[in-house]
Amino acid sequence: MKSFTYERASTLSAAVQSAQRPGAKFIAGGTNLLDLMKLQIEAPIHLIDISRLGMNTIERTSDGGLRIGAMVRNSDLAQDAQVRTNYGVLSRALLSGASGQLRNLATTGGNLLQRTRCSYFYDLSRPCNKRAPGSGCSALGGFNRMNAILGVGGSSEARNVCIAVHPSDMAVAMRALDAKVETISAKGLTRVIPIADFHRLTGTTPNIETVLLPGEIITAVTLPAPIRGQQIYRKIRDRASYAFALVSVAAIVDVVGGKIRSASIACGGVAHKPWRIAAAEAVLVGADVSADVTTTRNVFTASANALLAGARGYGHNDFKISLLRNALVATLAEASSRKAA
Amino acid sequence: MPDEFTPDAEDGLRDRVTVTRREAIKLTALAGAAIATAHLGTLAAGSPRPAPAPSRTANASMPVAADMAPQRMAVALQINGKAHSMTLDTRTTLLDTLRESLGLTGTKKGCDHGQCGACTVLIDGRRANACLALAVMLDGTEITTIEGLSKGDQLHPMQQAFLTHDGFQCGYCTPGQICSSVGMLSEAAAGMPSHVTSDLSLKQVTLSDDEIRERMSGNLCRCSAYPNIVNAIREVSKATPGVQS
C-alpha cells in the first residue's frame with residue numbers, strides 16, 4: 001500500500017473541502033477501497049475518513065418514502081423493519097451480497113461506488129482500459145465469464161473498450177425501486193440524481209464510473225413511497241453464497257385480477273450499471289397472467305427479449321444471454337403467481 | 001531476482017558471483033531500512049515532506065506520481081478489555097496491529113483481502129474482517145479477538161463446542177470461525193434475516209443448518225471441516241436466548 005495522509009473529518013463541509021486536494025479520496029467502510037489500495041490499483045495520497053459524520057439513520061420522508069443515510073451499513077439496511085416490510089427486494093439484494101462480516105462494514109454510499117471485480121482490472125500484469133485507459137482490454141480475448149453482455153456499444157476495436165460489470169446487488173434493487181442519490185459538492189451545492197443516471201456506461205472513459213464530480217459526496221439515498229406488488233431478488237452465481245452475480249433480477253410486479261398492473265425489472269451482473277429497459281416492462285403491463293402457461297410464458301419471454309435487445313457475448317460469457325432470459329421468465333412467473341402478501 | 005545477481009555462465013561470472021539469494025534479500029531489506037530511516041529523520045527534524053520523486057510505475061490509474069513519506073498517528077483501542085495506545089503508520093490494518101504491534105497472533109492472516117474470514121474479530125460487538133479495517137479509523141472502538149473470548153481458563157461456549165465437535169482440522173481458520181459464529185449468533189438473536197430466510201417479516205430467527213451455513217459463508221475452511229463447524233454452532237445456538245433452532 002502506498003503511503004497517504006489521514007484525516008478524520010468532523011464536518012461534512014470540512015470533508016468536501018479536503019476532497020479538493022489532489023489525490024484525495026473519501027473512505028467509509030473501506031472494504032473495497034482498502035482491498036484496491038493493497039494492490040495499488042487505488043493509490044490515494046490523502047484519505048478523508050467520513051465514517052463519523054453521522055448520515056447513518058433511516059428516516060421516513062414527507063412523501064411516504066425512505067431516506068437512507070450514506071453511512072448506513074449494509075447489514076443495518078437489510079435488517080431495518082421498514083425496508084423488510086415495504087422494500088423487500090432491497091433487503092433481499094443486500095442479504096445476497098458479500099458476507100456477514102463485510103455487510104457489517106460496507107456502507108450504502110460505498111456500495112454504490114464499489115468498483116468492478118473483473119479479474120483483469122485486478123491483474124496489474126495485464127492491460128486494462130479501466131485501470132489504465134488506452135492500455136487495452138484483456139477481458140475481450142480472455143477469460144470473460146463474469147463480464148458484460150449489455151451496454152458495451154461500439155466494436156471490440158473501439159477506443160478504450162471495456163466489458164466490466166458493476167458488481168453491486170444493492171444498486172440493482174435500488175434501480176428497480178427508482179431510488180435517488182443525494183449529494184453535496186465542495187461548494188455546498190446539493191443535487192438529487194436518479195439512480196438511472198448515477199452510474200455510467202463505459203463508453204470511451206471506462207475509468208469514470210459515476211456522474212459524481214470530483215469532491216462530490218453521497219449524503220443519502222432516497223426511496224419513493226412503497227410500490228405495490230410482489231418483490232423478488234433472484235441472484236444466480238457460481239456458489240450458493242458469498243459470490244458475485246453471474247446474472248441477477250430485481251422484480252416488482254403488481255398483479256390485479258389476473259392482469260399485470262405494473263412491473264419494474266432491473267438486472268445485475270450484465271452491464272456497467274444496473275440494467276433496466278422500459279420496453280421490457282411495457283410488454284408486461286396489461287398482460288393476462290391467469291391464461292394458460294404457454295401464453296403467459298410467451299409474454300414473459302417477449303419481455304425478456306426486449307430487455308436483452310442488443311445483447312452480445314464475448315465467448316466465455318455467451319451463456320449469460322440465455323441465463324438472463326431464463327432467469328427473467330422464472331422470476332416473472334414467480335412474481336405473477338405468488339399470492340399477495 | 002534482480003538482474004545483477006543472475007550468474008552469467010558465458011563470461012564465467014558464475015564462479016565470481018558470491019551473492020546468494022538470502023544475502024540479496026538481506027541487502028534489499030537493509031537498503032529499504034536506510035530509506036525509511038532517512039524519512040523518519042526528515043520528519044523528526046520538522047522539515048517539510050521531501051519533494052515527491054517521479055513514480056517508476058507506469059500505472060496510469062495512480063492519481064499522482066509520488067511516493068509519500070509514511071504518516072504515523074496515535075491510535076487508542078480497547079482490546080479484549082484492555083486499553084492500548086500506540087503510534088501507527090496510517091496504512092496499518094487492524095489485523096497487522098493485532099499481530100505485529102500487540103503480539104495477538106490468535107487472529108490469523110489468510111488472504112488479507114476480505115475473502116476468507118480468517119481474520120474475523122468483533123468491532124464494538126459486530127463481526128468484521130480485520131484485514132479490511134484501518135486501525136486509525138477504529139480509534140476509540142472496542143475490539144474482541146479470539147484471545148478475549150475466554151474468561152481465564154474457562155473457554156467461551158463456542159470455543160468449547162468447537163473442541164467437543166472437532167470443528168477443525170488444521171485449525172488455521174478456527175479463530176475466525178469462532179469469532180464469526182459468536183457475532184453471527186448476536187445478529188440472529190437481534191432478528192437479522194439472511195439470504196435463505198423464507199419470510200422477511202419473521203421477528204425471530206430459526207437457525208436451521210441451512211441458515212447457519214449461509215450466515216457463516218464468509219469463513220472458508222480449506223480442510224472442509226464444515227459439518228463439524230455447523231454441529232458446534234448448532235449446539236451453542238440452542239442455548240442462545242432469542243434464537244430458535
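Guide: In this predicted model, α12(A) passes α13(A) in a right-handed crossing. Two packed helices are described by the angle between their axes and the distance between those axes. Here helix α12, residues 293–307 of chain A, packs against helix α13, residues 319–337 of chain A, at an angle of about 135°, and their axes are 9 Å apart. That angle makes α12(A) oblique to α13(A). To find the meeting place on your screen, pick out R297(A), F300(A), T301(A), S303(A), A304(A) and L307(A) on the α12(A) side. Across from them, α13(A) contributes R325(A), L328(A), V329(A), L332(A) and A333(A). An α-helix has 3.6 residues a turn, so residues three or four places apart point the same way.

Start with helix α7, which covers residues 226–238 of chain B. At 1.5 Å a residue, its 13 residues should span 18 Å, and the C-alpha atoms at its ends are 18 Å apart, which agrees. Its buried residues are I229(B), A232(B), I233(B), V236(B) and S237(B). Seen down the axis of α7(B), these buried residues fall within an arc of 135°, so they line one face of the helix. What covers them includes α4 (157–164), α5 (174–189), α6 (209–215) and β7 (243–244) of chain B.

Now turn to α4(B), one of those covering elements. Here M158(B), Q159(B), A161(B) and F162(B) are the buried residues. They take up an arc of only 160° around the axis, which puts them on the same side of α4(B). Their packing partners are α5 and α7 of chain B. Just after α4(B) comes D166(B), with a positive phi of about 55°.

Q40(A) is not a glycine, yet its phi is positive, at about 60°. You will find Q40(A) in the loop between α2 (33–38) and β3 (46–49) of chain A. A98(A), also not a glycine, has a positive phi of about 55°, and it sits in the loop between α5 (88–95) and α6 (100–105) of chain A. As for their surroundings, Q40(A) has 14 C-beta neighbours inside 10 Å and so counts as partly exposed. A98(A) is buried, with 29 other C-beta atoms within 10 Å.

Let us step back to chain B as a whole. It holds 7 helices and 7 strands, and along the sequence they follow the pattern α-α-β-β-α-β-β-β-α-α-β-α-α-β. Of its 245 residues, 36% count as buried. Take the contacts in chain B between residues at least 6 apart in sequence: 54% of them join residues at least 24 apart.

Finally, see where the two chains touch. There, 42 residues of chain B are in contact with 39 residues of chain A. On the chain B side, the elements that give two or more residues are β4 (126–129), α5 and α6 of chain B. The largest share of that side, 4 residues, comes from β4(B).

Key. Residues numbered from 1 in each chain as written. Chains lettered and ligands numbered in written order. Predicted model: local features only at pLDDT ≥ 70, side-chain atom pairs only at ≥ 80, totals over all residues. Expected span 1.5 Å × (residues − 1). Buried ≥ 20, exposed ≤ 12 C-beta atoms within 10 Å, placed from the backbone. Arc of directions from axis to C-beta. Contact = placed C-beta atoms within 7 Å. Axes fitted to C-alpha atoms, helices over the stretch in contact; angles between N-to-C directions. Parallel < 35°, antiparallel > 145°, perpendicular 65-115°, else oblique. Left-handed = near helix turned anticlockwise from the far one by under 90°.
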